[in-house]
Amino acid sequence: MEKNFAKLHSDVCFKKANGKVIWQPRIDCWIADKMFEHGELPGIYKGMSKVDIYKELGCSARIYEYNNCFYPVYDETLKHKYEWKGNVFYESMETPIGTVTHELEKVDSSWAQRTKKWWVCDEEDLKIYTYIEQHTNWAFSQEHFDRTKAEWGDLGAPCVFIPRVSIQRLYIDLMGVEEGVYALYDYPETVEAYFEALRECHFRLIDVINESPIDIINFGDNVHSGTLSPQLFEKYVLPEYKMRCERLHRAGKFISAHFDGDNAGLMQYYQETGLDAIEAITPKPQGDVELSEVKEYLGDMFLMDGIPAVYFDKEFSEETLVACVHQILDLFAPNLILGISDEISSTGDIERIRLVGKIVDEYNENVERTVAER
């Protein structure tokens, strides 16, 4: 079995793996929820770090901990302030044309926070945020890169997800879905001026990425056809993806985007995007698409993930999980970075990760044997 997962990860992405695939589940939710509820991890995992758990499970990690290699640099006209007051996190950005604020509050059920006040509540706030995007540059931290590489070693190749595009930025980061939709129709010129400023800001980020040693790039957009109609996707997301991909591909990057909601209404656009892969497509019974449909619309694009997270819960048999893994291998290999769509939950059986790993190891051994016999 290939032990250098960083090399295997890169080789799979750039089609140098001679037909092998990689098993790369994400386990953050399982770890965080167990730690929050019990203060420690169960069984043999007690006291282990996330790196230790991946080594124990014998599988690769998708190391988005490299994200902080890239950080915003605000010019002298912007003042960023933040503080905790009790259970509420207050954040503000002061500009010459006004100030916008954001509030998050702790919840009782996890370490997550929920939005108490959005950054953008009206048209004037969006104009201020347009100014912020126009006056934001980006930089790369070699120190963070080196520290992350030293911590994670060969468990996976360096990869990052970059900020959300256009309407997804509006929905998830700035306004919420409902107010974001109203904004699109109530003051479209202001919205589109913001999207233009955001695009140029992200192009500056991409210029920094293209000079970096990180070659596996994800658009962390959380695309969901329940909130993004085909018309909105065509107008506001598809052109952005094409422009981003053109710039990143010139530097030889491998590019995916995170589609973790319903997909049925948007699959027809997969191959138009310019992406190499789609991450986190969730098939039935958890999502709204069949694996065979996904293959039809992806064509020769890569699938990243593909196993419904619910198959790691004991409500579903191990036989169901095994059958799903074999179906994914049959349909998508070698253009496959196998993972869980989206993560194993806190109710999942983490030992099933070993079961999938065994199947993938056997698959790769057969591929190696076939190549050697040629």
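Visitor: Why is L228 called buried?
Guide: The relative accessibility of L228 is 0%. Buried means under 20% relative accessible area, exposed means over 50%, and partly exposed lies in between (1.4 Å probe, protein chains only). L228 therefore counts as buried. The model is predicted, so local features need pLDDT of at least 70 and side-chain atom pairs count only at pLDDT 80 or more, while totals for chains, interfaces and linings use all residues. Residues are numbered from 1 along each chain as its sequence is written, and side-chain values use heavy atoms, with hydrogens and water left out.

Visitor: Where is L228, and which residues does L228 touch beyond four places in sequence?
Guide: L228 is placed in the loop between β9 and α9 (230–250). Helices (H or I, at least four residues) and strands (E, at least two) are DSSP runs, numbered from the N terminus. With residues up to four places away in sequence not counted, L228 touches I167, Q168, V223, F233, V237 and L266. Contact means heavy atoms within 4.5 Å. As for K127, 101 residues from L228 along the chain, the two C-alpha atoms are separated by 23 Å.

Visitor: Is S212 buried or exposed, and how do you know?
Guide: S212 has 9% relative accessibility and therefore counts as buried. S212 lies in the loop between α8 (188–210) and β9 (216–219). Leaving aside neighbours within four places in sequence, S212 is in contact with F70, F140 and K253.

Visitor: What makes the pairing of S212 with I209 a polar contact?
Guide: A polar atom of the S212 side chain lies 2.7 Å from the backbone oxygen of I209. A polar contact is a pair of N or O atoms within 3.5 Å; within protein, one must be able to donate a hydrogen and the other to accept it, and residues adjacent in sequence count only if both atoms are side-chain atoms. The value of 2.7 Å for I209 and S212 is within that limit.

Visitor: Why is helix α1 described as largely enclosed by the rest of the structure?
Guide: Helix α1 (residues 5–13) has nine residues, and seven of them are buried, so the description applies. The buried residues are F5, A6, L8, H9, D11, V12 and C13. They pack against β1 (22–23), β8 (159–162), β9, β10 (254–258), β12 (302–304) and β14 (336–338).

Visitor: What caps the N-terminal end of α1, and which residue follows the helix?
Guide: The cap is N4, with a side-chain oxygen 3.2 Å from the backbone nitrogen of A6. K15 follows α1 and has a positive phi, near 55°.

Visitor: Why are α4 and α8 called roughly parallel?
Guide: The axes of helix α4 (residues 123–134) and α8 come within 8 Å and cross at roughly 20°. Axes are lines fitted to C-alpha atoms, for helices over the stretch in contact, and angles run from 0 to 180 degrees between N-to-C directions. Angles under 35 degrees count as roughly parallel, over 145 as roughly antiparallel, 65 to 115 as roughly perpendicular and the rest as oblique. The two helices are therefore roughly parallel to each other. Residues of α4 including L126, Y129 and T130 meet residues of α8 including Y194, A197 and C201.

Visitor: What makes α6 oblique to α7?
Guide: The axes of helix α6 (residues 166–175) and helix α7 (residues 177–186) come within 8 Å and cross at roughly 130°. That angle makes α6 oblique to α7. I167, L170, Y171 and M175 of α6 form the contact with V177, E179, G180, V181, A183 and L184 of α7. These residues divide into eight nonpolar, one polar and one charged. Ala, Val, Leu, Ile, Met, Phe, Trp, Tyr, Cys and Pro count as nonpolar, Asp, Glu, Lys and Arg as charged, and the others, Gly among them, as polar.

Visitor: How exposed are N18 and N222?
Guide: N18 has a relative accessible area of 59% and is therefore exposed, whereas N222, at 23%, counts as partly exposed. N18 is in the loop between α1 and β1, and N222 is in the loop between β9 and α9. Although not a glycine, N18 has a positive phi of about 55°; the phi of N222 is also positive, near 50°.

Visitor: Which bond joins K284 and P285?
Guide: A cis peptide bond joins them, with omega about 10°. The bond from A333 to P334 is also cis, with omega near 5°.
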